[in-house]
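Hi everyone, thanks for coming. Let's have a look at this model together, and please stop me whenever a term is new to you.

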Amino acid sequence: MANNRELSLFDSHCHLDFEYFDDDRGEVFARMQEEGVDRCVSVAVDFEHLPRLQALAEQHDNVWFSVGIHPNHEVDEEPTVEQLCTLSDHPGCVAIGETGMDFFRHRVDPALQERRFRTHIQAAQQLGKPVIVHNRDADSESIRILTEEEIGKCGGIMHCFSADWDTAKAALDMGMYISFSGNVTFKNNQQLRDVAAKVPEDRILIETDAPFLAPVPHRGRRNEPAYVKHVAQCIADVKGLSIREMAETSTNNALKVFGI
Ligand SMILES: [Zn+2]
Ligand SMILES: [Zn+2]
């Protein structure tokens, strides 16, 4: 692996505001710097964490954040377009989400997930910001809603991509970006690496989804942004690129989609 200080990596999706990092967040930032992970987006899953996300972006000029409610997060009141627009009025906010469809756990009724997803896309279109899409075991539903709501108008990211090529192709055809996470490095996931090999370079993002889904060789432990280099290396290998080329391309893609 190349000398990481020569790299400039962008973790397009992590949850640095989560309590998992409360004891050693400073060390997590130090390791990011050592490994050449110069920037990240800390992604919202609810409104309760927004003050923490705003504070992170204010304290660190290499951290941005998003505003949104995760499809499986239970709330008393559903967000409105107006509310999402008001809450994202902050210089550090670069995206709406994470939102989408999750049929893996079914904590929130699918009809409610769909309504919430549509509300987020409509807010993103008003704001001119991309949507960070969480899709788990709901490929055709997610693509149907993205198509009907015309995601191309604001752009979006299929985060932690774990679906098949047809789903990737449908998202790419709508102008979306595909973000790969630690699961692309898992030994039994050749299918996902085959999809990654086909995604055009100028549409690939890399992420950790930290603290979850740590890539090999950290699998099973708490994940952190410094580990995004393992995702970069894996995608570089399947595409026959150097990690430096992969870092440069995916960082440029992230700067472009987030308008940084
Ligand atoms: Zn997610
Ligand atoms: Zn996430």
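Let's start with the zinc ion (ligand 2): its protein donors are H13 (NE2), H15 (NE2), E98 (OE) and D209 (OD), at 2.1 to 2.4 Å. Donors here are N, O and S atoms within 2.8 Å of the metal (3.2 Å for Na, K and Ca), and water is not among the atoms, so sites may look incomplete.

A quick word on the background: this is a predicted model, where local features need pLDDT of at least 70 and side-chain atom pairs count only at pLDDT 80 or more, while totals for chains, interfaces and linings use all residues. Residues are numbered from 1 along each chain as its sequence is written, chains are lettered from A and ligands numbered from 1 in the order in which they are written, and side-chain values use heavy atoms, with hydrogens and water left out.

Along the chain, the donors of the zinc ion (ligand 2) are spaced H-x1-H-x82-E-x110-D. H13 sits in strand β1 (residues 9–14) and E98 in strand β4 (residues 93–102), 85 residues apart; strands are DSSP runs (E, at least two residues), numbered from the N terminus.

Now, which residues coordinate the zinc ion (ligand 1)? They are E98 (OE), H134 (ND1) and H159 (NE2), at 2.0 to 2.1 Å. H159 lies in strand β6 (residues 156–159) and E98 in strand β4, so this pair ties together parts 61 residues apart in sequence.

E98 coordinates both zinc ions, ligand 1 and ligand 2, which are 3.5 Å apart.

Definitions and conventions
Helix = DSSP H or I, 4+ residues; strand = E, 2+ residues; numbered from the N terminus.
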